[in-house]
Amino acid sequence: LPILLVYPFAHQVTQWLDKNELPWTTDSNDGESNTEEGCCLISCGTDTKLHLLPTQRRSPILTKNLTDSFPDQTIVHLHQDVWERQTEICQSRLLPKLGSNKCNRVFGRKTTARRLSKQD
């Protein structure tokens, strides 16, 4: 069976991607799991991948190896328990990373501080 049908966490994330009109594909042609058992790798655009990990899977070696195997892309390792406990925070952080125009946030590191003059 395709991973999105047997793995509710992946289904929740892909529904959220669809709702926000963010393009995505699984990295395998048939939608089967394409990393270790229970994990799912989703491509979002050309330079970002979401690595979905179930709560019981906490493997630093797996995440490091996966990150190293895609040196030109951003890999976001998203754990199921973090998604479930802090859904809104996860979503607000993912939106700008995935290139959504629905993010109204101005990040401090992208600003400059300057003194206002009377003309401003």
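This is a predicted model: local features need pLDDT of at least 70, side-chain atom pairs count only at pLDDT 80 or more; totals for chains, interfaces and linings use all residues.
The chain holds 120 residues, of which 36% are buried. Its secondary structure consists of five helices and four strands. Along the sequence these elements are arranged in the pattern α-α-β-β-β-α-β-α-α. Among contacts with a separation of 6 or more, 49% are made by residues 24 or more positions apart. The accessible surface of the chain amounts to about 8,200 Å², and carbon and sulfur atoms contribute 49% of that surface.

The mean pLDDT is 80, and 79% of the residues reach 70 or more. Over residues 29–35 the pLDDT falls below 50, although this stretch has 21 contacts in the model beyond near neighbours in sequence. Helix H1, residues 3–6, has the lowest confidence, with a mean of 52. The highest confidence belongs to helix H4, residues 80–85, at 92.

The largest pocket has a volume of about 170 Å³. Its lining comprises Val76, His77, Leu78, His79, Val82, Gln86, Ile89, Cys90, Arg93, Leu94 and Lys97. By class, six of the lining residues are nonpolar, three are polar and two are charged. Strand S4, spanning 74–79, and helix H5, spanning 87–97, each provide at least two residues of this lining. The greatest contribution comes from H5, which supplies five residues.

Thr63 is located in helix H3, which covers residues 60–69. Its relative accessible area is 15%, below the 20% limit, and Thr63 is therefore classed as buried. When residues up to four places away in sequence are left out, Thr63 touches His51, Leu53 and His77. One of these partners, His77, also belongs to the lining of the largest pocket. Another of them, Leu53, lies ten residues from Thr63 along the chain, and the C-alpha atoms of the two are separated by 9.5 Å.

Asp81 is placed in helix H4, the helix with the highest confidence in the chain. With a relative accessibility of 16%, which is under 20%, Asp81 also counts as buried because of that cut-off. Pro54 is 27 residues from Asp81 in sequence, while the C-alpha to C-alpha distance between Asp81 and Pro54 is 7.5 Å.

Glu21 occupies the loop that runs between helix H2 (8–19) and strand S1 (25–26). The relative accessibility of Glu21 is 68%, over the 50% limit, so this residue is classed as exposed. Although Glu21 is not a glycine, it has a positive phi of about 55 degrees.

Methods:
Residues are numbered from 1 along each chain as its sequence is written. Side-chain values use heavy atoms; hydrogens and water are left out. Buried means under 20% relative accessible area, exposed over 50%, partly exposed in between (1.4 Å probe, protein chains only). Contact means heavy atoms within 4.5 Å. Accessible areas come from the Shrake-Rupley method with a 1.4 Å probe; for residues, only the protein chains shown count as cover. On a 1 Å grid over the protein atoms alone, a cavity is a set of points where a 1.4 Å probe fits but cannot get out, and a pocket is an open set with protein on both sides within 12 Å along at least five of seven lines; lining residues have an atom within 4 Å of a point. Grid points are joined across faces, edges and corners, and a volume is the space filled by probe spheres set on the points. Ala, Val, Leu, Ile, Met, Phe, Trp, Tyr, Cys and Pro count as nonpolar, Asp, Glu, Lys and Arg as charged, and the others, Gly among them, as polar. pLDDT is the predictor's confidence in each residue, from 0 to 100.
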